[in-house]
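Please read these points with the model open beside you.

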Amino acid sequence: MNGTHDDGVGPFDAFGQDPSGDAEFEDPQGEPDGDGSEFDDDLLEEELRQAVAILDPLPAELRQVAMEAYALYDMDARLAELTFDSLVDSVPVRGVTDVPRMLTFTAGGLSVDVEVTSEGLMGQVMPPQPVGIEVLSGPQAPRPTTLTADSMGRFTSDVTPAGPFALRLRTGGEVVVTEWLRA
């Protein structure tokens, strides 16, 4: 014997009502959920949006930075993926200070090697070709720094990117934009 018996009395009969049958738990509008009752997803989403707007509003400065960053986005450009970053992929050498940051971006058959130092940046586009390069440095810069790669694909700039930056390369009829990185 397992110590239980069924005398026909439910666990809530002593209190006079079953809480799962309460009217406050029923929603007359919306979609049926798993147990057959209905729920309005749109109403819940709107209430959550209102709660977030009151309890944790989006700072105006962040909204402005996001809009300015989107304005720098080029819809027709291919994205060059970061395939090497010396901050992540290399072993640091003890005692060495002011180590240049080495970056490699690739997009299809095009690759860009970039070295970022305290004196500026330099790099090379592979395969070698003349390329127009813009150094995008976020909303604080009035306009991007423009560079030109020579016929060997080499370029240099004495302007060190500050904060987030990306490169926009214009090769003939194609536009390639690198991922955004923090300098």
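Is Thr178 buried or exposed? Thr178 counts as buried because its relative accessibility is 1%; buried means under 20% relative accessible area, exposed over 50%, and partly exposed in between, with a 1.4 Å probe and protein chains only.

1. Basis. This is a predicted model, in which local features need pLDDT of at least 70 and side-chain atom pairs count only at pLDDT 80 or more, while totals for chains, interfaces and linings use all residues. Residues are numbered from 1 along each chain as its sequence is written, and side-chain values use heavy atoms, with hydrogens and water left out.

2. Strand 10. This strand covers residues 164–171, and six of its eight residues are buried. Strands here are DSSP runs of E with at least two residues, numbered from the N terminus.

3. Pairing with strand 7. Strand 10 runs antiparallel to strand 7 (residues 131–136), with five bridges joining them; two strands pair if DSSP finds at least two bridges between them. Arg168 of strand 10 is the bridge partner of Glu134.

4. Pairing with strand 11. Four bridges link strand 10 to strand 11 (residues 174–178), again in the antiparallel sense. Arg168 has Val177 as its bridge partner in strand 11.

5. Pairing with strand 12. Strand 12 (residues 181–182) is antiparallel to strand 10 and is joined to it by two bridges. Phe165 stands opposite Leu181 of strand 12.

6. Ala166. This residue lies in strand 10 and counts as buried because its relative accessibility is 0%. Leaving aside neighbours within four places in sequence, Ala166 is in contact (heavy atoms within 4.5 Å) with Glu134, Val135, Leu136, Thr178, Glu179 and Trp180. Pro144 is 22 residues away along the chain, and its C-alpha atom is 9.9 Å from that of Ala166.

7. Thr178. Thr178 belongs to strand 11. Beyond neighbours within four places in sequence, its contacts are Leu79, Ala80, Phe105, Ala166, Leu167 and Leu169. A polar atom of the Thr178 side chain lies 2.8 Å from the backbone nitrogen of Leu167. A polar contact is a pair of N or O atoms within 3.5 Å; within protein, one must be able to donate a hydrogen and the other to accept it, and residues adjacent in sequence count only if both atoms are side-chain atoms.
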